[in-house]
Structures are given as C-alpha cells and as structure tokens.
Amino acid sequence: MRIIRWSSAILLTLLVPICVNAQQKSHMTSEQVDKAIRDVEKLAQKEIQENALPGLAMAVVFQDKMVYAKGFGVRDVNTKAPVDADTVFQLASVSK
C-alpha cells in the first residue's frame, strides 16, 4: 500500500477524533468505525460534487488492520484519470 494523503483539510479534521495511537487500546467498536466510514464517504462525495476538490483517497486502519481504502473523483482534471486507493498525490511543503 502506498502512502495516501487527504486532499481536503475538512475530511482530515473529521477523522482526527477517530484516530488512535497504535499503542493505545481503542475504545471504539467496529460498528462505530463503519458508521464513521459511511459518514466520511458521504462528505467526500459531497465535496467532489460541489467542486471543492477534484479527488481524494482515504484509508482507515482499525486495531492495526486496514479495514477500508477507496478513491473518489479524479486525480487529473484534464485527463479525468480516476483516483483509486493506491493513488499517490504530489505533495508540496506540508510541514509549515
């Protein structure tokens, strides 16, 4: 699996509360994770439909296992090449 980057700060902000350090025991259930995935999927599709961003890829890891990976939209607006779970987005300076 390649490194996946969010293309929208909104989506990243929404996922922060469900991220758990691998060394901490999760207090979330798989049902809660499934609901969070459905909610974020809806948000991703809405953002793309409203032209807020052309595409994004996301992955969810729960209890040290990847339970979800999916791409949405396009990675290139000219060629309309789709985003998939393995799409790598070019990054600029992200440490500032």
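Predicted model: local features only at pLDDT ≥ 70, side-chain atom pairs only at ≥ 80, totals over all residues.
User: Two strands pair if DSSP finds at least two bridges between them. Which residue in β2 is the bridge partner of Val60?

Analyst: Side-chain values use heavy atoms, and hydrogens and water are left out. Helices (H or I, at least four residues) and strands (E, at least two) are DSSP runs, numbered from the N terminus. Eight bridges join β1 (residues 55-62) to β2 (residues 65-73), and the two strands run antiparallel; in β2, the partner of Val60 is Tyr68.

User: Which residue in the hairpin of β1 and β2 takes a positive phi?

Analyst: The hairpin of β1 and β2 has two residues between the strands. A positive phi, near 50 degrees, is taken there by Gln63.

User: How many of the residues of strand β1 are buried?

Analyst: Buried means under 20% relative accessible area, exposed over 50%, and partly exposed in between (1.4 Å probe, protein chains only). Strand β1 is largely enclosed by the rest of the structure, because the buried share of its eight residues is six.

User: How far apart are the end C-alpha atoms of α2?

Analyst: Helix α2 covers residues 30-49. The expected span of a helix is 1.5 Å times one less than its number of residues, so the 20 residues of α2 should span 28 Å. The model agrees with this, as the end C-alpha atoms of α2 are separated by 29 Å.

User: Is Gln49 buried or exposed?

Analyst: Gln49 belongs to helix α2, and its C-alpha atom is 8.9 Å from that of Gly73, 24 residues away along the chain. Other residues of α2 are buried, including Val33, Ile37 and Leu43. The relative accessible area of Gln49 is 67%, so Gln49 counts as exposed.

User: What is the N to O distance where the side chains of Lys35 and Asp39 meet in a salt bridge?

Analyst: A salt bridge is a side-chain nitrogen of Lys or Arg within 4 Å of a carboxyl oxygen of Asp or Glu; by this rule the count comes to two. Lys35 and Asp39 both lie in α2, four residues apart, about one turn of the helix. Lys35, at 45% relative accessibility, is partly exposed, and so is Asp39, at 35%. Their N to O distance is 2.8 Å.

User: How many residues apart in sequence are the parts that Glu41 and Lys70 tie together?

Analyst: The side chains of Glu41 and Lys70 form a salt bridge at 3.7 Å, N to O. Glu41 lies in helix α2 and Lys70 in strand β2, so the pair ties together parts at a sequence distance of 29 residues.

User: Is Glu41 buried or exposed?

Analyst: Lys70, the salt-bridge partner of Glu41, is partly exposed at 32% relative accessible area. Glu41 has a relative accessible area of 18%, so Glu41 is buried.

User: Which helix has the lowest mean pLDDT among the elements of the protein chain?

Analyst: The protein chain averages a pLDDT of 78, and 70% of the residues score at least 70. Strand β2 has the highest mean among the elements, 95, and the lowest, 47, belongs to helix α1.

Note on methods: Residues numbered from 1 in each chain as written. pLDDT = per-residue confidence, 0-100.
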